[in-house]
Amino acid sequence: MASTARKVIRRQPHPPGPTYTAYSPDGKHLITAGTNNAIRKFIVASEDEPETLDDCQELSTGIAVLNDKFAVSSEDGIVSLYRMGTNELDQFLVRCSLPVRDVALSPDGNWAAVASDETVVKVVNVKDMSKVISLKEQSKSSKHVSFHPTGNENRTYLAVSCTDGAIYIYSLSSEQPVLSKRLDGMIQALDPEAETTSKVAWHPDGRAFAVATATRDIILVSRFSWERQRSFANGHIGQINDFSWSPNGAFLASAGADGKLVIWETSTQSVIKRYDQSVTCIAWHPKENTLSLTNHNGELVTISDVVPEDKAELLQASLQPAPLLYTDVEVPDNSRAIAPAPRRRRSLSRDPIDELLGFDDDEGDDGFIEDDDNGGYVKQRPNGKRAYDYLTEDLPGSKRRAYDAWSPQIHDALQSGSTPWRGNRRYLSLNLIGFVWTVDQETHNTVTVEFYDREQYRDFHFTDPYLYDKACLNENGTLFSSPKTDSKSATLFYRPHETWSTRADWRIQMPPGEDIASIALSESYIVVCTTNGYVRVYTLFGIPFRVYRQKHSPVVTCASWRDYIMVVANGAVSADGRTQMTYTIENVKRDETLQSNDVVALPPDGELHSVFFSDNGDPLIYDSEGVLLVLQHWRSPGQAKWVPLLDTKQLDRQSGGGKESYWPVAVAHDKFHCIILKGGEKYPYFPRPLLSEFEFKVPVTSASADITSSNPALGHEETVVRETVLLSLLEDFVGDRASTSIEGHQKSRRENAIDKALLQLLAMECKDDHGEKALEICGLFTQPKRTLDLAIKIAMKYNRGILAGKIGELKASLEDESMDFEFGQ
């Protein structure tokens, strides 16, 4: 195709607000709809003004176009069908009681699918509106609907994207719709009116579809295995508003809240062009190298030669295949009509109590009691699901004993760095070394271990018949554990990264009936905490080293660093009926207890999210309030205290009111390393998210960043407190031994930072003539002999002679104390 200069045409068909557009399949017409009660019909390649259809509803929410007709949905719950040739309203297809969010027309033009704030998706026959197919499997309202583009092999698929983050794939080939697949963990949960898209965009060849993820990437999902196969990654830094395949599938266009329009090459999933465009809806011309966009300003923007010249000839090629990694045998449509194969129970399955209370776990629950032999001991609902009778046990009229036995509320076990199941995937471990993740393959799992430093370590992948549910990763090796079952004992498996022997990995089974609650791995030992209250310590090559029973149980979690282990367990019951969380720190090599069953400092009603050691060996916790705390003076029995290093709610990036949280990964080099979670997400998901790091900032004041910048004294005060804590951690680490040159330099740097901040505070107080406070500051210097002379000069600079004299007296008294000490020695 001959190349011409790129041309951008801007028009204003609608007032500001969400605006939508679509081409007719023959490329002759372009339809737009917006917030006003007017639809614009443009004749492509014509200079004439567009035709206006006034007989329509306000606040349009979606548009679907064929050669002879088009449908428009609106927030008032009406879907209107128009004739393309005459521009007349043909009929009102659907009237919903709640706003309609999207509409789609089947490729043959016989059916219209409607997504609305109702939980039922309606599929209406456009020739006979009395024929309505109701899709009722989804529990939440739907945001998008999308028909399969080809309907090949006598199949008609419809994809429904729901506001709870689930995708439902229906087969409409028979008279009764069949749910072929429910997909979790691919799209994010969104509000119905959110600008971010969660739609399914079928590839033109029909073998796959694309969806936008919460991590601002677009993933490709196979229609045969319903698994993710490719990723269009790192194209946007904002949430994705819309994306669309080119007519032959050779390219993908995506637009985000970052104001970028990105053109991808499908075969390589690489970016070939970026444009600065604010976009709410994308439409490719069916035959030309042209892209039309609408935005929130009500504008229609048409870009010719949108694909660069060196790639443009691909648009004229025949239908390009979706870039699948592999093609599995397709799952039959009657998968819902036959009894499902028995499946093992996952450790974190969806509880109907959570569903009743609105907790959003992404994992479905098939019920761990299976009526395999049709014995009738599991009550079935008409839809084949087990009834939850216990939800109604407390209703009036039910027979039940008057009083139940009271039991305390205990803290569940957790494995730091791991995530629950989402779809068929979960992370077993995430840290600065790498990450371990597993995929449920029904009869077994597949485990992948990947590293950030691939020059030093080599990634590996293996089939897991043991169904490992916990893992730890460090510089030396990877540790796994599997839960016990009726036929197998709990298993511990360690695989070193490098070895000079032929076989260095090993596997140990726990005693019968004893399950693994938590595991930890250090450069010296392996720690296993079990449900029987035992702490089992092994060397790195499987030699049992210590075993003892915890005073408090059940165990919550554990962590380790070098020869030290920290075990967190449920302790005594507090007044609110919850158990207090206690911790014990031991040196297992010396068999020495440093802290014994002290209390973990959590806020009221707070939860523990993670426990780990820093790179310098200091224990840290991260709680549900987003506060990172370090255990100070933990090497001195009875002297330990939890000190906050960072309150993530006071980060400067939180001042904009954005809803984000942070998944703790590590503390290293005096920084908090984490994964930023947006959109109400609680756990990181695939593809692997990027790590972020934040400097420590002790919450000494609730002042915002704006107030802190206007009052620099607050920043200096925080510096003094923070550096004092870090200095004490360093001094505890060095202890009585001689410090190294690096440790000596770090100590001097800390002391200088404290004294510098105190001198800056002193100057501010001298300027404001706060003499008493200024003198008090002088008593806080870590290096008074050198710093008091500077303090006197600062006082004299601001003509505070009396203050300078008192600082001189303070200096003299400190010198006298020093001489008396030396004389006594």
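A charge sits over a ring if NZ of Lys or CZ of Arg is within 6 Å of the ring centre and within 35 degrees of the ring normal. The close-ups below come from a predicted model.

**View A. Charged ends over tyrosine rings.** R549 places its charged end over the ring of Y534, 4.5 Å from the ring centre. K488 does likewise with Y466; here the distance to the ring centre is 5.7 Å.

**View B. The open sheet β45-β46-β47-β48.** Four strands line up in this order, with antiparallel pairing. β45 (608–613) and β48 (641–647) each have a single partner strand, so they stand at the edges and one side of each lacks a neighbour in the sheet. From one strand to the next, the twist averages 25 degrees.

**View C. β47, β48 and the helix across them.** Six bridges join β47 (residues 627–632) to β48 in the antiparallel sense. V630 faces V643 of β48. Helix α3 (residues 712–734) lies across both strands and runs at about 40 degrees to β47.

**View D. Stacked pair F480 and F493.** The whole structure holds 31 aromatic pairs. In this one, ring centres are 6.0 Å apart and the planes meet at 25 degrees, so the pair is stacked. F480 belongs to strand β34 (residues 477–482) and F493 to strand β35 (residues 491–496), 13 residues apart. F480 is buried, at 0% relative accessibility. F493 is buried too, at 7%.

**View E. Edge-to-face pair Y583 and W642.** Their ring centres lie 5.5 Å apart, with 75 degrees between the planes. Y583 sits in strand β43 (residues 579–587) and W642 in strand β48, so the pair ties together parts 59 residues apart in sequence. Both residues are buried.

**View F. An aromatic cluster.** Y427, F435, W437, Y452, Y685 and F686 are linked by ring pairs.

Conventions: Residues numbered from 1 in each chain as written. Predicted model: local features only at pLDDT ≥ 70, side-chain atom pairs only at ≥ 80, totals over all residues. Heavy atoms only, no water. Pairing = 2+ DSSP bridges. Helix = DSSP H or I, 4+ residues; strand = E, 2+ residues; numbered from the N terminus. Axes fitted to C-alpha atoms, helices over the stretch in contact; angles between N-to-C directions. Contact = heavy atoms within 4.5 Å. Phe/Tyr/Trp six-rings, centres within 6.5 Å; stacked < 30°, edge-to-face > 60°. Buried < 20%, exposed > 50% of the residue type's maximum accessible area, 1.4 Å probe, protein only.
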